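User: Could you walk me through this structure? I am new to it.
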Amino acid sequence: MKLIKPQEEFITSYKEAIKEDILYRPNAERIFGNPDTIIENSYKFENGIDLPKGFVKSTTLWLIDNETFIGQVNIRHELTDYLLNYGGNIGYAIRYSKSSKGYGTKILSMALKYCKNVLNLKKVLITCDDCNVASIKVIENNGGILENKVKNNLERGKVITRRYWIEL
């Protein structure tokens with residue numbers, strides 16, 4: 001199992017994961033990007049090139065197991081006021097067919113090591129919806145300490161967001 005930057009050799013597997021996500025989680029928020037531009041866009045975001053207004057530098061990493069794309073983690077290098085309430089430093093998703101198999105806990109654990117060893121972050125903020133039991137478990141299994149819950153008005157409606165900090 002490895003955590004890598006997006007690579008062409010895994011694009012087919014990435015596309016399969018996107019199809020699963022659309023089929024089995026049609027109303028879920030998407031973090032998987034366009035497979036035709038994911039490699040280029042990941043490079044741009046990591047290096048702060050042509051970032052959309054309000055966005056910060058971020059690193060996209062893929063969890064690969066047995067040459068199969070398992071999931072994606074996006075690590076934002078800093079926090080804006082918006083990210084302090086919703087989004088935090090880290091967002092992750094596991095492809096539908098690999099859900100509930102421990103990969104969420106693993107990808108977050110590996111991402112935390114990246115944050116500490118590569119980005120030199122001292123602590124990170126991770127948020128999730130108050131009703132997302134799977135993410136709550138993943139975050140808490142990785143040492144997340146709940147600071148509070150906040151109300152956010154998002155495009156999908158009003159959401160109660162849990163805010164967790166993890167010391168690195």
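Analyst: One term first: two strands pair if DSSP finds at least two bridges between them, and strands are DSSP runs of E with at least two residues, numbered from the N terminus. This is a predicted model, in which local features need pLDDT of at least 70, side-chain atom pairs count only at pLDDT 80 or more, and totals for chains, interfaces and linings use all residues. Residues are numbered from 1 along each chain as its sequence is written, and side-chain values use heavy atoms, with hydrogens and water left out.

User: What is the order of the strands in the open sheet?
Analyst: The order is 5-7-6, and the pairing of these 3 strands is antiparallel.

User: Which are the edge strands?
Analyst: Strand 5 (123–129) and strand 6 (145–154) pair on one side only.

User: How many bridges join strand 5 to strand 7?
Analyst: There are 7, and strand 7 covers residues 157–167. Within strand 7, Thr161 is the bridge partner of Asp129.

User: On to helices. At what angle do helix 4 and helix 5 cross?
Analyst: Helix 4 (residues 103–117) and helix 5 (residues 133–141) cross at roughly 45 degrees, and their axes come within 9 Å. Axes are lines fitted to C-alpha atoms, for helices over the stretch in contact, with angles from 0 to 180 degrees between N-to-C directions. Helices are DSSP runs of H or I with at least four residues.

User: Which residues make the contact?
Analyst: Gly104, Thr105 and Leu108 of helix 4 meet Val138, Ile139 and Asn141 of helix 5, where contact means heavy atoms within 4.5 Å.
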